[in-house]
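Please look over the sequence and the structure before reading on.

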Amino acid sequence: MKCSGFSLFEILVALAIAGILVAIACPSYQRHVAAVRRHRAVVQLKRLANQLEHARLRYPNYSLAAKSMHFSGTLYYTFQFQPRGESGFCLRAVPSENQRGVDSCALVDTDLSSSVYCSESCPP
């Protein structure tokens with residue numbers, strides 16, 4: 001009588017191969033998810049910058065315009081406003097604890113030029 005099926009050794013080899021594939025794929029997947037979250041924060045920063053420019057038309061400076069706005073955050077980023085004198089500003093997306101461990105970018109900033117960059121602080 002012949003038994004059909006897999007031996008214990010074959011199952012262990014298949015599990016080892018699956019484990020290696022998972023070990024290779026997980027970090028790549030986490031980096032991709034972090035990049036998508038960062039991109040969403042950049043989109044939100046640009047939206048906030050546009051809203052701030054629109055509010056600036058009603059107020060004499062960016063500080064007062066920013067006070068009229070609500071800078072709500074997301075699960076992965078909080079948004080901050082920093083005035084740069086009377087005629088400038090810097091918006092910052094700060095990663096939360098959920099994002100900080102997997103994101104290589106410490107802060108995401110934008111300013112009047114609408115350029116978005118990773119940095120440790122807003123430029124002077």
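What is the mean pLDDT of the protein chain, and what share of its residues reach 70 or more? The model is a predicted one, and its protein chain has a mean pLDDT of 80, with 77% of the residues at 70 or more. Confidence is highest in helix α1, at a mean of 89, and lowest in strand β4 (residues 116-119), at a mean of 60. Where pLDDT is low, the predicted coordinates should not be read in detail.

Two aromatic pairs are present in the structure, and the table sets out their geometry.

| Pair | Centre to centre | Angle between planes | Arrangement |
|---|---|---|---|
| Y62 and F89 | 5.0 Å | 55° | tilted |
| F81 and F89 | 6.4 Å | 25° | stacked |

The pair of Y62 and F89 links distant parts of the chain, since Y62 belongs to helix α2 (residues 62-67) and F89 to strand β2 (residues 89-95), 27 residues apart. Y62 counts as buried because its relative accessibility is 6%, and F89 counts as buried because its relative accessibility is 3%. F81 is buried, as is F89, and Y62, F81 and F89 form one aromatic cluster.

Charged groups also meet aromatic rings: the charged end of R56 sits over the ring of Y62, 5.3 Å from the ring centre, while that of R37 sits over the ring of Y76, 3.7 Å from the ring centre.

Technical notes. Residues are numbered from 1 along each chain as its sequence is written. This is a predicted model: local features need pLDDT of at least 70, side-chain atom pairs count only at pLDDT 80 or more; totals for chains, interfaces and linings use all residues. Side-chain values use heavy atoms; hydrogens and water are left out. pLDDT is the predictor's confidence in each residue, from 0 to 100. Helices (H or I, at least four residues) and strands (E, at least two) are DSSP runs, numbered from the N terminus. Rings of Phe, Tyr and Trp (its six-membered ring) pair if their centres lie within 6.5 Å; planes under 30 degrees apart count as stacked, over 60 as edge-to-face and the rest as tilted. Buried means under 20% relative accessible area, exposed over 50%, partly exposed in between (1.4 Å probe, protein chains only). A charge sits over a ring if NZ of Lys or CZ of Arg is within 6 Å of the ring centre and within 35 degrees of the ring normal.
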